[in-house]
Amino acid sequence: MAMNFKHLRYFWAVAHTGNLTRAAEQLHVSQSALSVQIRQLEEWFEQDLFERQGRSLALTEAGRIALEYADTLFTVGDELVNVLKGNAGRSREVIRIGAITTLSRNFQISFLSPLSAADDVVVVLRSDNQEQLLAKLQSQDLDIVLTSQLPPRDQGRQWLVHTIDKQPVSLVGHPTRNLENAQMAALLQEQPVIVPTAENPVRIGFDAWCERKDIKPNIRAEVDDMPLMRLMVREDFGVAVVPPIVVRDELNSGMLVDFGDIPALVETFHAVTLKRKFPNPFLPKLLRRIDDGLLPKAHD
């Protein structure tokens with residue numbers, strides 16, 4: 001039995017308005033008739049497409065998948081008209097990636113580089129704090145979240161955490177300080193130190209290491225933005241506790257100097273996904289590249 005595209009068009013309208021009354025007005029049909037059409041489509045799919053949230057209708061996971069395909073289908077119909085009128089165009093898969101705001105931009109570029117040659121995919125990249133990004137992942141507005149922080153294992157959420165890379169954390173500073181041969185403990189106590197803020201995993205590990213070694217670092221600044229930390233150390237506000245990838249270009253050019261790794265301190269880069277019945281079809285391909293070691297490492 002072929003699918004009734006009239007039913008799909010009605011579903012598409014309701015999904016985009018989130019309201020039966022407004023969709024019925026746009027389609028010039030009664031609300032009751034529209035409800036019947038949606039129920040028939042759900043029976044045909046054998047899946048619930050909507051769930052009621054107050055006065056609005058929210059898409060289920062199956063509904064979001066159906067909407068993506070409906071968007072593509074009706075876009076292709078528009079493209080057909082454009083092609084026949086001499087304006088060619090092709091649909092492409094969309095993958096939505098979230099990255100925490102403190103994550104190294106260099107790492108993000110390394111992760112995204114395999115996608116640069118993929119003509120069949122459009123990348124949508126969002127930045128926010130981890131809580132907001134995980135909420136968007138939960139609501140299926142994102143397909144994957146890049147982070148250096150493990151997500152909480154609560155509220156019954158089945159986060160899937162894929163570890164991409166680990167990198168040592170170093171003490172980095174301006175070459176005019178000429179500190180290459182100094183001991184790490186002396187550097188931290190005598191030089192002004194720029195560190196991540198208290199909730200950052202690198203800072204948590206750094207504080208614990210200093211406590212074990214009875215080191216009282218001379219903290220000059222606490223910064224939650226890696227690009228700002230990068231600028232501060234370039235302007236010689238102090239020496240920075242930072243993964244070298246954050247200042248990779250400056251280290252390569254000699255603008256900054258790596259004074260050495262802080263023992264036992266690493267930053268771990270993760271990709272977080274959510275187990276779904278209908279995953280983004282491009283996502284398994286990307287994750288297989290992690291398993292196969294084909295994604296660039298953070299220190300490359």
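I listed the residues that line the second largest pocket: Ile100, Thr101, Thr102, Asp128, Asn129, Gln130, Gln149, Thr197, Glu199, Asn200 and Asp224. For this search a pocket is an open set of points on a 1 Å grid over the protein atoms alone, where a 1.4 Å probe fits, with protein on both sides within 12 Å along at least five of seven lines; lining residues have an atom within 4 Å of a point. I read a volume of about 170 Å³ for the second largest pocket, taken as the space filled by probe spheres set on the points, which are joined across faces, edges and corners. By class I noted one nonpolar, seven polar and three charged residues in this lining; Ala, Val, Leu, Ile, Met, Phe, Trp, Tyr, Cys and Pro count as nonpolar, Asp, Glu, Lys and Arg as charged, and the others, Gly among them, as polar.

I worked on a predicted model, in which local features need pLDDT of at least 70 and side-chain atom pairs count only at pLDDT 80 or more, while totals for chains, interfaces and linings use all residues. Residues are numbered from 1 along each chain as its sequence is written, and side-chain values use heavy atoms, with hydrogens and water left out.

I then turned to the sheet. Eight strands form an open sheet with mixed pairing, in the order β4-β3-β5-β10-β6-β9-β7-β8. Strands are DSSP runs of E of at least two residues, and helices runs of H or I of at least four, numbered from the N terminus; two strands pair if DSSP finds at least two bridges between them. β4 (121–128) and β8 (219–223) each have a single partner strand, so one side of each lacks a neighbour in the sheet. I found β3 (residues 93–100) and β5 (residues 144–147) paired in the parallel sense over three bridges, with Ile144 as the bridge partner of Ile97.

Last, I checked Pro196, which lies in strand β7 (residues 193–196). Pro196 and Asp224 are 28 residues apart in sequence, yet their C-alpha atoms are 5.5 Å apart.
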